[in-house]
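Here's a quick, friendly tour for anyone meeting this structure for the first time. Have a look at the picture, then read on.

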Amino acid sequence: MPRDIAQRWLDEAGDTFQRNDFESYLDYVRLPLCVRTGGGGEWLIGDQAVLREGYDAWVAMMKDQRVTHMIRRVRKVEMRSEGNLWALYSTDILHEAMPVTDPYMSALCLREIDGQWKCVAVASGLANPSWPFIVPRVDALPEFGSDADLPDPATMCPETARLPEEPSLLRPPPLPRPDV
């Protein structure tokens, strides 16, 4: 069931980008939202206008790159204290059947709020160091084993006291390269 929750969240939230439907996207996130990238970027997004800036940049990138599919697959899930659900997932961004970027791994933390699962933190496998992500940058993934860990709560967005307790899914990733 946690895997199904995470996959449904990824599919439904991802569909909002294809439709350019920011208002619906807001149903899938809780502010402040912590975002960290593999390129050293870390933001605590507490303002809807800043979130909108990142959302619009991602939608523009999808249009510019003629993205037809953004396929995100859950690879591993872990339930933690306070009902936090962490999911490790792969992302493939495609134009028709051709990759726009190399596949990359990320993790997100979902929390059930008022009966709906909302994202409260993302550890993105993108290498972008600045917000918003205008062009997704993916560094080559080294070869890793099959176990991946989730972030350490002490290192992810320490500015907020309501951090999700991060499980052992992303500690610093050895992340598996997704099957293509």
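Let's start with E96, which is partly exposed because its relative accessible area is 49% (buried means under 20%, exposed over 50%, partly exposed in between, with a 1.4 Å probe and protein chains only). E96 sits in the loop between β4 and β5 (98–99); helices (H or I, at least four residues) and strands (E, at least two) are DSSP runs, numbered from the N terminus. Its phi is positive, about 55 degrees, although E96 is not a glycine.

D114 is another residue of this kind: phi is near 50 degrees, a positive value in a residue other than glycine. D114 belongs to the loop between β6 and β7, and it counts as exposed, at 81% relative accessibility. For background, most residues other than glycine have a negative phi, and most peptide bonds are trans.

## About the model

This is a predicted model, where local features need pLDDT of at least 70 and side-chain atom pairs count only at pLDDT 80 or more, while totals for chains, interfaces and linings use all residues. Residues are numbered from 1 along each chain as its sequence is written, and side-chain values use heavy atoms, with hydrogens and water left out.

Which residues does a cis peptide bond join? They are L31 and P32, with omega about 0 degrees. P32 is in strand β1, and R30 is in that strand too (residues 29–37).

R30 counts as buried because its relative accessible area is 16%. A polar atom of the R30 side chain lies 3.1 Å from the backbone oxygen of P32. That is a polar contact (a pair of N or O atoms within 3.5 Å; within protein, one must be able to donate a hydrogen and the other to accept it, and residues adjacent in sequence count only if both atoms are side-chain atoms).

## The inside

There are 37 residues in the largest nonpolar core, and W9, F17, L51, W58, L108, L110 and C119 have the most contacts inside it. A nonpolar core is a set of buried Ala, Val, Leu, Ile, Met, Phe, Trp, Tyr and Cys residues joined through side-chain atoms within 4.5 Å. A second, separate core has nine residues, including W86, L88, A121 and A123.

As for L51, its contacts (heavy atoms within 4.5 Å), leaving aside neighbours within four places in sequence, include F22, Y25, L26 and W131.

## The largest cavity

How much space lies in the largest cavity? About 450 Å³. Here a cavity is a set of points, on a 1 Å grid over the protein atoms alone, where a 1.4 Å probe fits but cannot get out, and lining residues have an atom within 4 Å of a point. The lining has 23 residues, with F17, Y25, R72, V122 and F133 nearest the centre. Helix α3 (48–64) gives the most to this lining, with four residues.

## Along strand β3

K76 is in strand β3 and is partly exposed, with a relative accessible area of 26%. K76 and S90 are 14 residues apart in sequence and 9.9 Å apart in space, C-alpha to C-alpha.

M79 is also in strand β3 and is partly exposed at 43% relative accessibility. Leaving aside neighbours within four places in sequence, M79 is in contact with P2, N84, L85 and W117.

How values were computed: 1 Å grid on protein atoms, 1.4 Å probe; cavity = no way out; pocket = protein on both sides within 12 Å on 5 of 7 lines; lining within 4 Å. Points joined across faces, edges and corners; volume = space filled by probe spheres on them.
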